[in-house]
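Work through these exercises on helix packing with the structure in view. Try each task before reading its solution.

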Amino acid sequence: IPAHLMRSVGGEFDNEAVAVTAIVATFWLWLRSVRTPSSWPWGVLAGVSYAYAAAAWGGGPVFVLNMVGVHALMLVCLGRFNSGVHKAYTLFWVLGTYGAVQIPVIGMQPLRSLEQMGPMLVCIGFQVLALCDWHRRRNNLNGQDFMRFRIRMVALLVAALFCVAVLLYPTGYFGPLSSRIRGLFVKHTKTGNPLVDSVAEHQPASSGMYSSYLHLPLDYALLGGLVSCRQRNNGFYFLVLYGFIAQHFSGKMSRLVLICGPIVSVACAIWAGFLLDFLLEPFYLLLGKKPPSPPAVESAKDPDSPSKDGKSAPSSGKASKDKGGKAKDTGKSAKAPKKATKPKEVYTLQEWEEEERPGGAMEAKRLLKGAIAECFPEEVSSPHPEWNTPMGIMLRATVSMVIFTYTLTMGSTLPSVIGFVKHSDNIARSLSNPQVVFSYRDRTSGKTVIIDDYLKGYQWIDENTPKDSRVMAWWDYGYQITGIAKRTSIADGNTWNHE
């Protein structure tokens with residue numbers, strides 16, 4: 001996808017070209033660590049990957065750390081906090097922060113900068129929530145008592161943090177927001193930093209830029225998001241959060257279209273996978289694959305309904321037997337027969353759940369889902385077994401073959417895919433030419449002339465200036481001065497040397 005290439009221009013030496021891979025790896029490892037309560041050891045690798053992303057790109061820690069921190073807070077609000085999430089996030093934050101503070105240009109920013117302090121507060125809050133769970137298990141608290149205890153502990157935590165902030169603020173402990181972060185929330189020409197304000201790539205992205213750098217996958221990203229709603233696991237909510245943040249911030253700063261590439265690619269892949277599953281499933285069933293089994297149900301038997309052996313089950317309190325064994329009518333059995341009660345589904349723990357947590361958002365969601373399910377008849381919520389009959393499978397296979405044939409012959413999907421591949425290749429070719437050396441063909445002689453003035457200039461600086469020199473130049477050349485001339489520039493593209 002062209003968005004992955006936009007910061008990979010030959011000769012530019014942009015750090016994002018390396019950091020995007022580390023950022024995507026960190027996100028995947030984090031989601032793997034919270035997939036199940038027992039997969040928390042993956043948090044170690046997530047923390048190491050985050051430290052690598054921080055070393056590769058100075059802007060990486062802010063984006064990665066806050067994305068994971070907000071997602072962890074979202075899991076708490078959704079009632080999905082458990083010991084696995086607690087251990088995974090604690091390992092991620094502790095190991096990742098320890099690695100990030102070793103980088104000189106980052107230093108203690110994760111502990112002092114306002115833009116990175118939020119994830120630290122989430123980590124502190126996780127320890128308090130873990131303490132509440134330990135207290136609940138130890139004292140066997142019910143839902144109401146556990147909720148009251150947790151509210152008291154959270155209130156105590158907020159009060160303690162407020163006191164600490166009041167004591168540290170006069171000392172200048174908290175660092176200000178950087179110009180680039182301010183540019184994400186205010187108009188790009190009013191950040192207060194003339195270097196940030198004057199650069200074109202800090203202007204809002206246009207619709208044409210989205211179309212050029214995201215192209216065909218952008219058309220199917222929304223469909224992939226709708227399909228992923230079927231399985232609302234922890235990864236689904238991360239995709240929703242990532243999509244919202246990427247769309248909002250890239251609309252503020254055009255260079256951040258780069259971070260839209262991964263989420264658009266994932267959403268498009270989900271849609272493509274859904275279509276393939278839909279088209280290939282009937283053929284798998286014909287080859288012997290077992291159809292999905294319906295959810296387990298717990299029958300709510302009517303006291304007056306006959307049992308399996310054909311005998312009526314005695315109803316408690318409605319009829320009694322005398323000494324001779326004959327049923328003695330109490331007068332209530334003459335009432336009209338009751339309606340059959342809808343079978344009640346047995347609640348099974350999802351892959352991300354550790355237990356049926358009492359109190360909180362998860363219990364409220366279980367009660368709400370149960371109330372909504374009672375409003376619909378059983379036929380609506382149950383799967384359709386006729387789809388898995390031999391006739392239904394043959395019909396589905398026929399529909400799949402028709403759709404597949406139409407797509408290859410008359411549909412517009414195949415030409416769109418070919419056009420997308422050609423467009424990506426053209427973008428890659430245009431970005432692969434280094435800007436420090438370029439060529440052109442002389443119209444009169446037909447010879448190819450190499451223009452390497454920039455490269456020769458950087459090499460001259462390297463050979464004729466002291467090693468500790470500081471080069472004053474416009475920041476567009478900052479990376480090239482650092483990478484080729486091997487000198488420190490007063491202002492480079494990472495805004496590190498002037499903030």
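**Exercise 1.** Describe how helix H11 (residues 234–252) and helix H12 (residues 260–286) pack.

*Solution.* The model is predicted. Start with the geometry: the axes of H11 and H12 lie 9 Å apart, at an angle of about 135°. Next, classify the angle. Roughly antiparallel needs over 145 degrees, and roughly perpendicular covers 65 to 115. So H11 is oblique to H12. Last, the handedness: H11 and H12 make a left-handed crossing.

**Exercise 2.** Which residues of H11 and H12 meet, and how do they divide by type?

*Solution.* From H11, take Leu239, Tyr242, Gly243, Ala246, Gln247 and Ser250. Their partners in H12 are Cys260, Pro262, Ile263, Val266 and Ile270. Now sort the residues of this contact: eight are nonpolar, three are polar and none is charged.

**Exercise 3.** Check the span of H11 against 1.5 Å a residue.

**Exercise 4.** Describe the packing of H12 with helix H15 (residues 390–409).

*Solution.* Begin with the axes of H12 and H15: they come within 8 Å and cross at roughly 140°. The two helices are therefore oblique to each other. Their crossing is left-handed. Then look at the contact. Residues of H12 including Phe278, Glu281 and Leu286 meet residues of H15, among them Ile393, Arg396 and Ser400. By type, the contact of H12 with H15 holds 11 nonpolar residues, one polar and two charged.

Methods. Residues numbered from 1 in each chain as written. Predicted model: local features only at pLDDT ≥ 70, side-chain atom pairs only at ≥ 80, totals over all residues. Heavy atoms only, no water. Axes fitted to C-alpha atoms, helices over the stretch in contact; angles between N-to-C directions. Helix = DSSP H or I, 4+ residues; strand = E, 2+ residues; numbered from the N terminus. Parallel < 35°, antiparallel > 145°, perpendicular 65-115°, else oblique. Left-handed = near helix turned anticlockwise from the far one by under 90°. Contact = heavy atoms within 4.5 Å. Nonpolar A, V, L, I, M, F, W, Y, C, P; charged D, E, K, R; others polar. Expected span 1.5 Å × (residues − 1).
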